[in-house]
Amino acid sequence: MTRPIEVVIHRSALHHNYQVIKQRAAGARALAVIKANAYGHGIEQVVAALPAADGFALLEMPAALRLRAMGVTQPILLLEGAFSPAELQLCAEHDLWLAIHEPQHLEWLTQTTLVRPVQVFVKLNTGMNRLGFAAEQASAVVAQLQQLPNVAGITLMTHFATADDPAVGVTAQWARFQQGTAGLGLPVSLANSAATFAYPQVHGDWVRPGIALYGSSPLADQSAKSLGLVAAMTLRAKIISTQQLQAGDSVGYGATFTADRPMRIGTVACGYADGYPRHAPTGTPVLVAGQRSRLLGRVSMDMLCVDLTAIDAAGIGSEVELWGQTLSIDEVAASAGTIGYELMCAVAPRVPMRVE
Ligand SMILES: Cc1ncc(COP(=O)(O)O)c(C=O)c1O
């Protein structure tokens, strides 16, 4: 028997979440964001689960080429654009759309003879201060692009820094975008998952949902369930040993948890080398044989320990859901001081993946 741990990807949840997003942004088309191996879900299976998606967005050229080789015909947008003139030529050859966010990109578009013109998304910096031309430069950049025979079409794009936080929202960034692009009459793409759910006024022509597709909540103050989203990933493992503790006995490296009464604990075949966060503290929720319990002590490389004291029926071979369709990844992430995005992306290649 192999080590009892697996990550299960739920195709029906991906399909369902995409439909929920489409209903929310009924007037827009939706680019499913599948960067970072589809947030750890496996790019091939996610794309296969969304045959009717309007398009995809990612930033790794090899993955984009793999999708074209699989026969994906929908638009594919490279969110960080080309990293060299040779990649720009690949975009033309394989009909990949690309973000333009640096003067260097304009130079490459001017100097390279492309086999066919490309669709570009002009990325405007409206306050995130990470990538993009200042919004005030939009007209000048667009005027330059409109002169270039290499450019087949232009969409204007920005990315929100605080759409997930109702206390801040998108107002300032959206105002800057509108001022900078007034009168240009071009299609726009602004909304990530949070903005798609919270701010219908910024849906524009193309929304770009990532995290919601995978069933984690994009909004700080609302659960995935309340938004109608279903987890697309379950990380589960089994108990491989049980131990009986007396008051005063400790658990794991650093002896950070000490029993104050007799307890029964289980050792689970999942550790930080599988992608479970090492910084998750004692008390982080886990689901043992369908019942909620808690992590005890430090997470090791290959194992972690859970409380079985109140779960008599649990023993060696019992199933433990670390996160998934019953135990929300957002709850585990909050306990570990991180976000669902990081947990999904961190599931290690050594964990066998099953698609159902
Ligand atoms: C430019 C861009 N658009 C859309 C997304 C999707 O964001 P989310 O996963 O929060 O929906 C990302 C992800 O970080 C991004 O970088």
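Which residues are closest to the ligand? They are Tyr39, Ser193, Gly210, Ile211 and Tyr341, and 14 residues surround the ligand in total, counting any with a heavy atom within 4 Å of it. Before going on, note that this is a predicted model, where local features need pLDDT of at least 70, side-chain atom pairs count only at pLDDT 80 or more, and totals for chains, interfaces and linings use all residues. Residues are numbered from 1 along each chain as its sequence is written, and side-chain values use heavy atoms, with hydrogens and water left out.

Let's stay with the ligand for a moment. A backbone N or O atom of Gly210 sits 2.8 Å from a ligand oxygen, and a polar backbone atom of Ile211 is also 2.8 Å from an oxygen atom of the ligand. Tyr341 uses its side chain: a polar atom there lies 2.6 Å from a ligand oxygen.

Now step back to the whole chain. It splits into domain 1 (11–216) and domain 2 (233–355), with bounds from an automatic or database domain assignment. Their C-alpha centres are 37 Å apart.

What happens where the domains touch? Eleven residues of domain 1 are in contact with ten of domain 2, contact meaning heavy atoms within 4.5 Å. On domain 1, helix H1 (11–24) and helix H2 (35–39) each supply at least two residues of the touching side; helices here are DSSP runs of H or I, at least four residues, numbered from the N terminus.

Conventions
A polar contact is a pair of N or O atoms within 3.5 Å; within protein, one must be able to donate a hydrogen and the other to accept it, and residues adjacent in sequence count only if both atoms are side-chain atoms.
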